[in-house]
Amino acid sequence: MKGQVGLKVLYLFFLMNGFSLASWISRTPAIRNGLSASTEEMGFILFSFSSGCMAGILSAGKLLNQFSVKICSLLGMFLLSAGLMLLAAGLGAQSFGLTGAGLFMFGVGLGWAEVAINICCAEIERELKKSLMTLLHGFFSLGTFLGALSGMAASSQNVSTVQHLALVSALLLVVIVMLMKRFPHTNSNAHDDNKKGYFRKIFDELKDPSLIVISIVVLAMALAEGSANDWLPLLMIDGHEFGETQGLMIYAGFTLCMVVGRFCGTPVVDKLGKFLVLKWSAAAALVGLITVIFSPSPLLVAVAVLLWGLGASLGFPLALSTAGESGKNSHLRVTIASTAGYISFLVGPPALGFIGEHYTLRLAMVPVALLILIAFITLIYQSRDGRSKATVR
């Protein structure tokens, strides 16, 4: 496999994944208004997306056990485009059913594509002997930043959500068709060991305590990122009384911090080590999130969102990279860590809508802060117990 050529395709696909995701997330206020949905009803709509992601993520391992990484990735990418188009159709018809179906299809596609591309990147990391996962996720964050900007521009120019999302769907389809033949072929299959059943192999891997620690960290940091992606615009507008354009600007600032953290993260990790970076990333995300929840100052809240973004930027990709290095069955370990992370990233945030309906969106972020605190304490405990090097390096 020609690693450098393959990386360019993976980077562009991850960028388009982030761009597609943020394009519709940045229009959630317009989606809510167009459907006349309450906060709880928006939670149900977002749950359609998350349940699709759950289906995609949980079936990705099985799919990879039967087919190639390339097939799984491309199928997921095509579903992303089709889901966006169905979402646009549902909004045009003001149909909760079609809107939910479009988000469900989008979610399945995202689950398949993200897990498969992460596995492909982990293999290229081993081939080139370089740390590349943070950079790969940096392109995803760059895509979310550009998608947030596109949503903000479309909102400020009164471009309809239907037109906006249909255009994004068409752009994504063009990119997929242009690059599908250049998608890298992996040197090995994701189902190397066929003597055991797939779920038995998962159980065997989960006996390793280091993978459990990695999973706790990735759960917390992925939820920190996912809750912002799903709720930050509405949190700023409803929870802190910013205007719609201001709320979207703050969300764009969050995504920009994710981009900066991931593109600049590799030399920092090389110098300080994964454990120390993970620990301080969790601390930064925790401080930023607590400030957003409890501070009455709009200016302080806006600054805290940036700290939240910087803190959340490295946890997920570093955990996936560590999972790929921590055992012999790299494909399966990355699949397990990816599954834990994406479930937290995509399925956890919609549940916050039900809390927000009764206790405000600000207080709905408290469970996110608690999970980050648990991850931080786990990392501190590993450091004091003298097992940090074996676990996260």
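I started with N158, which sits in the loop between α6 and α7 (161-179). This is a predicted model, so I'm reading computed values throughout. Buried or exposed, I wondered about N158? Its relative accessibility is 72%, and the cut-off for exposed is over 50%, so N158 counts as exposed.

Next I looked up E241, in the loop between α9 (209-240) and α10. E241 also isn't a glycine, and its phi is positive at about 60 degrees. With a relative accessibility of 72%, E241 counts as exposed.

**α6 against α10.** I checked how α6 (residues 133-156) packs on α10 (residues 244-263): the angle is about 165 degrees and the axes are 8 Å apart. Angles over 145 degrees count as roughly antiparallel, so α6 is roughly antiparallel to α10. The crossing of α6 past α10 is left-handed. Which residue classes make up this contact? I noted 16 nonpolar, nine polar and two charged residues for α6 with α10.

**D270.** I then went to D270, which lies in helix α11 (residues 265-272). D270 has 60% relative accessibility and therefore counts as exposed. I also looked for what D270 sits across from: its C-alpha is 8.6 Å from that of S131, although 139 residues separate the two along the chain.

**α3 against α16.** Another helix pair went into the notebook. Helix α3 (residues 39-66) and helix α16 (residues 348-359) pack at about 170 degrees, with 8 Å between their axes. That angle makes α3 roughly antiparallel to α16. Which residues touch? From α3 I listed T39, E40, G43, F44, L46, F47 and S50, and from α16 P350, G353, F354, G356 and E357. Sorted by class, the contact of α3 with α16 has five nonpolar, five polar and two charged residues.

**Whole chain.** Last, I stepped back to the overall numbers. I found 19 helices and zero strands in the protein chain. Of its 393 residues, 59% count as buried.

How values were computed
Residues are numbered from 1 along each chain as its sequence is written. This is a predicted model: local features need pLDDT of at least 70, side-chain atom pairs count only at pLDDT 80 or more; totals for chains, interfaces and linings use all residues. Side-chain values use heavy atoms; hydrogens and water are left out. Axes are lines fitted to C-alpha atoms, for helices over the stretch in contact, and angles run from 0 to 180 degrees between N-to-C directions. Helices (H or I, at least four residues) and strands (E, at least two) are DSSP runs, numbered from the N terminus. Angles under 35 degrees count as roughly parallel, over 145 as roughly antiparallel, 65 to 115 as roughly perpendicular and the rest as oblique. Contact means heavy atoms within 4.5 Å. Ala, Val, Leu, Ile, Met, Phe, Trp, Tyr, Cys and Pro count as nonpolar, Asp, Glu, Lys and Arg as charged, and the others, Gly among them, as polar. Buried means under 20% relative accessible area, exposed over 50%, partly exposed in between (1.4 Å probe, protein chains only). A crossing is left-handed if the near helix is turned anticlockwise from the far one by less than a right angle, and right-handed if clockwise.
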